[in-house]
Amino acid sequence: MPTQSPTYFEHDADIGIIGRGATVEQAFEAAAQAVFGIVTKLDAVQPKTAVTMAFEEADVELAMVTWLNLLLGKSREHGMVFSSFRMQRNGARWNAEALGEKWRAGLERGVEVKGATLTMLSVKQTGAMWEARCIVDV
């Protein structure tokens with residue numbers, strides 16, 4: 001699980017998110033934390049309910065957008081907010097788990113994230129670290 005704070009970059013109309021990790025999976029987990037860090041304060045979310053998901057995508061950049069949009073869809077479908085993420089990759093197959101809870105009184109609502117976009121999309125390895133970034137529509 002990523003240990004860094006969510007990272008963002010400037011964009012005129014929307015918000016740029018950055019996830020970093022020792023593996024591409026950890027970078028995706030950190031990117032998911034950045035997305036949900038826009039939605040609410042992550043330290044207030046209790047990771048008591050797990051939602052599992054899987055998808056296939058060979059292209060790592062498209063996999064990142066697919067992953068974030070799948071998470072946002074599951075969040076809306078279940079009326080939940082997520083704070084913790086686990087992901088595994090086997091070739092083009094991605095298996096993931098998001099942990100969180102139903103929206104409740106006491107959870108501060110931040111900005112709604114509508115979806116991840118292809119704008120400024122980049123997933124690359126630099127040295128020992130992976131970095132995954134894109135613009136999310138708010």
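**Close-up views of a predicted model**

View 1. E56 is exposed, because its relative accessibility is 58%; R93, at 35%, is partly exposed. R86 and E97 form another salt bridge, with 2.3 Å between the closest N and O atoms. Because R86 sits in strand β4 and E97 in strand β5, the pair ties together parts eleven residues apart in sequence. R86 is partly exposed, at 44% relative accessibility.

View 2. A salt bridge brings together the side chains of E131 and R133, at 3.0 Å from N to O.

**View 3. The open sheet.** Three strands make up an open sheet, ordered β3-β5-β4, with antiparallel pairing. β3 (49-56) and β4 (80-90) are the edge strands; each has a single partner, so one side of each lacks a neighbour in the sheet. From one strand to the next, the twist averages 20°. β4 and β5 (residues 93-102) are joined by ten bridges, and F82 has G100 in β5 as its bridge partner.

**View 4. Helices on the sheet.** Helix α1 (residues 24-39) lies across β4 and β5 and runs at about 165° to β4. Helix α2 also packs on the sheet, where it touches β3, β4 and β5. The direction of α2 makes about 145° with that of β3.

**View 5. Helix α2 and its ends.** Helix α2 covers residues 60-78; at 1.5 Å a residue its 19 residues should span 27 Å, and the 26 Å between its end C-alpha atoms agrees. Just after the helix, G79 has a positive phi of about 60°. Buried residues of α2 include V60, W67, L71, L72 and S75.

**View 6. The surroundings of F36.** F36 is part of helix α1. Its relative accessibility is 2%, so F36 counts as buried. Leaving aside residues up to four places away in sequence, F36 touches L42, L71, L72, S75, V81, F82 and F85. Between F36 and V51 the C-alpha distance is 15 Å, and the two are 15 residues apart in sequence.

Conventions
Residues are numbered from 1 along each chain as its sequence is written. This is a predicted model: local features need pLDDT of at least 70, side-chain atom pairs count only at pLDDT 80 or more; totals for chains, interfaces and linings use all residues. Side-chain values use heavy atoms; hydrogens and water are left out. Helices (H or I, at least four residues) and strands (E, at least two) are DSSP runs, numbered from the N terminus. The expected span of a helix is 1.5 Å times one less than its number of residues. Buried means under 20% relative accessible area, exposed over 50%, partly exposed in between (1.4 Å probe, protein chains only). Two strands pair if DSSP finds at least two bridges between them. Axes are lines fitted to C-alpha atoms, for helices over the stretch in contact, and angles run from 0 to 180 degrees between N-to-C directions. Contact means heavy atoms within 4.5 Å. A salt bridge is a side-chain nitrogen of Lys or Arg within 4 Å of a carboxyl oxygen of Asp or Glu.
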